[in-house]
Amino acid sequence: MRYIRRVLASLRKADELFSLIESGDRIALGISGGKDSLCLLKAMALYTKFSHKDFHIVPITLDLGFPGFDPGPLKEFAASLGLRLEVEDCREVFPILQQNTPANGHIPCSICSRMKKAAINAAAKKHRCGKVAFAHHKDDALETLFMNMIHGGRVATFEPSMRLDRAGITFIRPLILAREEDLRSMAKEEILPVVPRVCPADGFTEREWTKNLLARIYEERPEAEANLSSMLTNYKDFCLYFSHIERKENDGSPYSLKPVVMKDEALALASLAAKEHWAMVRPGTDAMLLRKNGKTIGFIAFSRVLPHRYVLFDIRILKGKEEDLGPLLTRFERLLSREENPLELIALKKRYPRQMRSLGYLDAESEGKKVFRKKVFR
């Protein structure tokens, strides 16, 4: 059986479902030399030929300085596909990792991951690529989901496509719907030149423990693998407590804050914005509905830009309700300061000046723009 057909089918499906690749794209492929990245390289090389999209791929390998790393076989494999493998010299990474390794532990994965992402971003820009493709697959996504739930208290995994505005790069994961077993079989069937592992932490990470946990679940409950996989895109039946969160205080006050996290809150915000002719909340920001007696009367769009610093991109409240802004903003500040103290707030649009100044917001400048600024200490 030709497993490459399965992998290509999953790549096409992911591209159609998540709009990963567009004509005109120049995509850097992160090639580590493992089975997953080599499958990505071959599959993407073939996809350029039959996808009916005019895009270009640039395979890039980072030489991180790990002993025993040899990019030679990878260069030959890329050349067999009519491609040139770009090897970026990042050999300063391994000594830094060694310096930050605990005496009784292994190389810190989090530091390594951040350094690799920074290096691949720089390499992508160097080779004029606006996108970077990683070889994460469906099993990786489920493992990340379980790791975040167990260790981070978050229901979250990595996204099929993620835009980094500051870096000017979009990360994509074309194999996000592919099974690891199919990639393993494809690597064997296609005789891909998988390089030996050079990281001493491989096989001894929390991810490996999670992989083994899921394997035990699948063995005892065979239907779990398919159900967990479909769960990742089953938005119709997604149901947690999010839509019931409304931040009130036990003081008899009519005011409350409701995070915009589910479709009901998003629809309420969109309806109010359309009715009042307000600009919608910019993508990538958080938003809170401002409520009085259970009715939405405005919103705050905001984002945490640095530790202890939040930017308020927009604040809106219904005409005639301006006097309610003070107690609502006070609740908002109190909510944020429970997580971070001290707290700095920067309001980019100088609306409601009387109310803002009465709450202690001062006139200031940020990047040449006039703003309101306030520091909160509790």
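Colleague: What covers the buried residues of H3?

Modeller: This is a predicted model, by the way. The buried residues of H3, which spans residues 72-80, are Leu74, Phe77 and Ala78. Their cover includes H2 and strand E2 (56-63).

Colleague: Which exposed residues does the face of H3 turned away from its buried side carry?

Modeller: Exposed here takes over 50% relative accessible area. On the face turned away from the buried side of H3, the residues that are exposed are Glu76, Ala79 and Ser80.

Colleague: Are H1 and H2 roughly parallel or roughly perpendicular to each other?

Modeller: The axes of H1 (residues 3-18) and H2 (residues 35-50) come within 10 Å and cross at roughly 65 degrees. Angles of 65 to 115 count as roughly perpendicular. So H1 and H2 are, relative to each other, roughly perpendicular.

Colleague: How many charged residues are in the contact of H1 with H2?

Modeller: H1 brings Ile4, Val7, Leu8, Leu11, Arg12 and Asp15, while H2 brings Lys42, Ala43, Met44, Leu46, Tyr47 and Phe50. By class, nine residues in this contact are nonpolar and none polar, and the number of charged ones is three.

Key. Residues numbered from 1 in each chain as written. Predicted model: local features only at pLDDT ≥ 70, side-chain atom pairs only at ≥ 80, totals over all residues. Heavy atoms only, no water. Axes fitted to C-alpha atoms, helices over the stretch in contact; angles between N-to-C directions. Helix = DSSP H or I, 4+ residues; strand = E, 2+ residues; numbered from the N terminus. Parallel < 35°, antiparallel > 145°, perpendicular 65-115°, else oblique. Contact = heavy atoms within 4.5 Å. Nonpolar A, V, L, I, M, F, W, Y, C, P; charged D, E, K, R; others polar. Buried < 20%, exposed > 50% of the residue type's maximum accessible area, 1.4 Å probe, protein only.
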